[in-house]
Amino acid sequence: MKFIAYDLGTGGVKASLYDESLNTLAKSFIEYCTIYPKSYMHEQRPEDWWDSVKESTRSLMIKSRTAPEEITCLALSGHSLVAVPIDRDRKSLMEYVPIWSDTRATEEAKEFFSKIDEKTWYMTTGNGFPAPCYSLFKLMWYKKHLSDIFQRTYKVLGSKDYINLKLTGCVCMDPSYASGQF
């Protein structure tokens, strides 16, 4: 019994292969690019995350001489506050998506807090600041600036949820991750 743990970070995916006693059998780090169209816009390609997960998996298997059938579990963590819109066919609607540090939705957050008290929002959600980093405000930005994409959006996924979708075909999100998303 062996398992692989992946951590989708801001700069790349870290992956490790372990045996049933939690001994590390192999490690990998595959870098991916963040682009900055403007100083407050920080974007990545979800397909780069997927390509990096595949590449790191191959690397771990080769380094450790592990056969695919020996892997019994995959574990994922990922940078949060990402908003990957997908359509009903479960395809990403954007090549590049804003990541956690993207603050393009500053005006949308201001609009929101003109109607909702900041303390009430914080006490209700537990979400902190800067607010424009949160997915809720990114979705408001999509609605205002990318209305065609917003209209076609069926679901919105975080980084690790996107990889889970690619691995399993299932759309899901764990509650701890969802708490910061919306």
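Residues are numbered from 1 along each chain as its sequence is written, and side-chain values use heavy atoms, with hydrogens and water left out. In this predicted model, local features need pLDDT of at least 70 and side-chain atom pairs count only at pLDDT 80 or more, whereas totals for chains, interfaces and linings use all residues.

The protein has 7 helices and 9 strands, taken as DSSP runs (H or I of at least four residues for helices, E of at least two for strands) and numbered from the N terminus. Of its 182 residues, 45% count as buried, that is, under 20% relative accessible area with a 1.4 Å probe, protein chains only.

An open sheet of mixed pairing is formed by 4 strands in the order S3-S2-S1-S6, where pairing requires at least two DSSP bridges between two strands. Strands S3 (24–31) and S6 (71–78) are the edge strands, each pairing on one side only. S2 (residues 12–19) runs antiparallel to S3 and is joined to S3 by 7 bridges; Val-13 has Ile-30 of S3 as its bridge partner.

| Helix | Strands touched | Angle of directions |
|---|---|---|
| H1 (residues 46–64) | S1 (2–8), S2, S3 and S6 | about 150° with S3 |
| H6 (residues 159–168) | S1 and S6 | about 150° with S6 |

Technical notes:
Contact means heavy atoms within 4.5 Å. Axes are lines fitted to C-alpha atoms, for helices over the stretch in contact, and angles run from 0 to 180 degrees between N-to-C directions. Buried means under 20% relative accessible area, exposed over 50%, partly exposed in between (1.4 Å probe, protein chains only).
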